[in-house]
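Visitor: I'd like to go over the charged side chains here. Can you take me through them?
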Amino acid sequence: MLAERIENYWSGRSAGYSASIRKEISSFRREAWKSLLEEMGGEGNGKKALDVGTGPGFFAILLADLGYEVTALDAAENMLEEARENIKHAGFRATFFKGDAQKVPYPENTFDLIVSRNLTWTLPQPLDTYQEWFRLLKKGGRVLVFDANWYLRLTDAGLQAAYEEEMKLARAKGCFKEISEEQMKECEEIAKKLPLTYQKRPEWDVQAFTSCGFPEVFVQERINERIYNETEQAIYQAEPMFGLCAVK
């Protein structure tokens with residue numbers, strides 16, 4: 001079953017991913033991401049935020065720091081264990097639970113803000129998930145999606161060639177030590193079975209959010225310069241990250 005395979009993959013990545021998150025928290029990325037979240041999502045002031053696919057809790061920490069009342073979910077229990085420890089160490093609080101991004105057990109009009117990073121490409125049914133997020137948001141609430149065309153290269157020889165050059169640079173710089181070759185291969189195999197691997201984004205996302213009833217959708221293309229260091233900017237040239245804001 002694909003959902004179980006995805007959960008097992010991310011469970012196996014939890015320790016290494018958490019280590020990379022702790023590095024992010026102690027680097028310039030913390031303030032860079034906080035600034036971007038506040039710019040696109042607004043101030044916290046006790047508002048309710050849902051961090052979907054929280055992983056080891058990076059965004060949960062930032063949202064709590066910005067003054068939000070944070071609820072965070074993930075499909076992998078190992079990730080949630082890391083997130084609980086990380087947010088405790090950071091001195092903040094959040095409600096964490098194991099769940100499905102497509103079926104969140106909260107009433108409609110619950111949240112002021114829904115945030116995800118590097119999640120939606122992993123979803124077997126992303127359109128249904130976006131519709132669920134519309135249900136969960138209050139009127140005037142916002143969804144923020146940060147993601148990239150991570151595996152579009154599987155259908156584009158030019159992107160694949162660029163990716164291979166990026167990997168050479170990454171290895172030379174000692175990057176990606178927290179992920180094994182076997183894990184990278186498994187992630188690629190999973191990606192082949194996911195619908196957003198074959199869609200050009202964020203164009204797909206804009207159409208999807210509009211079809212779900214969001215009257216306003218804004219996109220910031222290529223936010224790499226804001227959230228990556230110089231080495232990472234060079235490594236991810238072929239997969240620029242975008243930021244999308246959909247307003248209910």
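Guide: A salt bridge here means a side-chain nitrogen of Lys or Arg within 4 Å of a carboxyl oxygen of Asp or Glu. Note that this is a predicted model.

Visitor: What does Glu82 form a salt bridge with?
Guide: With Arg22; the closest N and O atoms are 3.9 Å apart. The pair links distant parts of the chain, with Glu82 in helix H5 and Arg22 in helix H2, 60 residues apart.

Visitor: How many salt bridges does the structure hold?
Guide: There are 18. One of them joins the side chains of Arg5 and Glu186, at 2.7 Å from N to O. Arg5 lies in helix H1 (residues 2-12) and Glu186 in helix H8 (residues 181-191), 181 residues apart.

Visitor: What else involves helix H8?
Guide: Glu181 in helix H8 pairs with Arg171 in helix H7, 10 residues apart. Their closest N and O atoms are 3.8 Å apart.

Visitor: Which residues are linked in a network?
Guide: Arg30, Glu31, Lys34 and Asp65 are linked by salt bridges.

Visitor: Change of topic. Where is Glu232?
Guide: Glu232 is in helix H11, which spans residues 230-235. Its relative accessibility is 18%, so Glu232 counts as buried.

Visitor: And what does Glu232 touch?
Guide: Leaving out residues up to four places away in sequence, Glu232 touches Arg29 and Ile227.

Methods
Residues are numbered from 1 along each chain as its sequence is written. This is a predicted model: local features need pLDDT of at least 70, side-chain atom pairs count only at pLDDT 80 or more; totals for chains, interfaces and linings use all residues. Side-chain values use heavy atoms; hydrogens and water are left out. Helices (H or I, at least four residues) and strands (E, at least two) are DSSP runs, numbered from the N terminus. Buried means under 20% relative accessible area, exposed over 50%, partly exposed in between (1.4 Å probe, protein chains only). Contact means heavy atoms within 4.5 Å.
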